[in-house]
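This report describes a helix pair, the nonpolar cores and one further residue of a predicted model. The structure is shown below.

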Amino acid sequence: MEDLKTKPENIREQITAGRVAKLVKEKALLEQAYIMDPTKTVNEAVVEAIGKLGENIKIRRFHKFILGEGVEKKVGDLAKEVEEQTAAMKAEAEKKKEEEPKVEAAKVEEEKTEDKPKVAVSPKMVKELRDKTGAGMMDCKKALAASNNNLQEAEDFLRKKGIAGAAKKAGRTAAEGLVVEYIHPGSRMGVLLELNCETDFVARGEKFTELANNLAMQVAANPDVEYVSVDEIDPEVREREIQIEMGREDLANKPENIRSQIVQGRVDKIFNERALLEQDYIMDPSRKVGQIIKESVATLLKQYIFREYENWKLLEIC
């Protein structure tokens, strides 16, 4: 610091030590003024509680989420935004009303085709439809089978079910949303989760809130997950896992190309089990969490994403 350059060495050391101690103290929870009684510190309040309860008490950890922290937000007119959203919802409702007879007719047609022989669907066409619509693999396969492998009809099939189009919204900024908690019965495990969306208008909606709470419960139900998405996995971690699998004794006598395929399959399975979006959705095990997100995006017309979560267990890492 420039203001210390002219000070004697011993004085500089004292001033520096005092400043550093002040900075550290400002960041330590136990040194803060207790919110319920600012005349004493948090540490003093804890000590008093220990005296009253006759047992030791320790604040072991905490994590604070600030909604949208680190995400660049767009500045907009909230009133105009609400007006636009309301107009969009009305237009969607009118469109849905117009399409109801067509949907009913499609249902009847679908029921008629149930007894027909199943159509063979190629993985290449499934991939092409997935890349185009962002829908899940099984949804694409079903759509292609129902449309006799016609890509355009398959896309229309997905759009009618509100599945297609979610991927197109993936590039939008999602900095609004909610921070929710799930405390498991018995209060021995808790989850704090942040789910983001594009606008505060959607974040205040019942469907978004319900989804956020369900996803917090999902984290609690999958204690082995470490990542939101497999895309978050460090390449070094993935490479290390590949090397471990390549050294397995049961692969020693396999040809190199076969070993690589087996190892890739095993590694993908390991990381899929650790990624939250790849888990069976707790409210509907027939679908993955990632698929639920995409379907919800299509339904609410706004992109939203997981950004962060914490899963704590009582006595963990004591």
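## Helix packing

The axes of helix 4 (residues 123-133) and helix 6 (residues 151-160) approach within 11 Å and cross at roughly 50 degrees. Helix 4 is therefore oblique to helix 6, oblique being the class left when angles under 35 degrees count as roughly parallel, over 145 as roughly antiparallel and 65 to 115 as roughly perpendicular. The crossing of the two helices is right-handed.

Helix 4 contributes Met125, Glu128, Leu129, Lys132 and Thr133 to the contact, and helix 6 contributes Leu151, Gln152, Ala154, Glu155 and Leu158; contact means heavy atoms within 4.5 Å. These residues comprise five nonpolar, two polar and three charged.

## Nonpolar cores

The largest nonpolar core has 23 residues, of which Val191, Leu193, Leu195, Leu211 and Leu215 touch the most other members. Two or more residues each come from strand 3 (176-183), strand 4 (189-197), helix 7 (200-203), helix 8 (206-221) and helix 11 (289-300). Helix 8 gives the largest share, seven residues.

Another core, of 11 residues, lies apart from it and includes Val126, Leu129, Ala143 and Ala154. Core members are buried nonpolar residues joined through side-chain atoms within 4.5 Å.

## Arg12

Arg12 belongs to helix 1 (residues 9-27). Its relative accessibility is 33%, so Arg12 counts as partly exposed, the class between buried (under 20%) and exposed (over 50%), with a 1.4 Å probe and protein chains only. Leaving aside residues up to four places away in sequence, Arg12 touches Leu4 and Lys7.

## Basis

Residues are numbered from 1 along each chain as its sequence is written, and side-chain values use heavy atoms, without hydrogens and water. Local features of this predicted model need pLDDT of at least 70 and side-chain atom pairs count only at pLDDT 80 or more, whereas totals for chains, interfaces and linings use all residues.

How values were computed: Axes are lines fitted to C-alpha atoms, for helices over the stretch in contact, and angles run from 0 to 180 degrees between N-to-C directions. Helices (H or I, at least four residues) and strands (E, at least two) are DSSP runs, numbered from the N terminus. A crossing is left-handed if the near helix is turned anticlockwise from the far one by less than a right angle, and right-handed if clockwise. Ala, Val, Leu, Ile, Met, Phe, Trp, Tyr, Cys and Pro count as nonpolar, Asp, Glu, Lys and Arg as charged, and the others, Gly among them, as polar.
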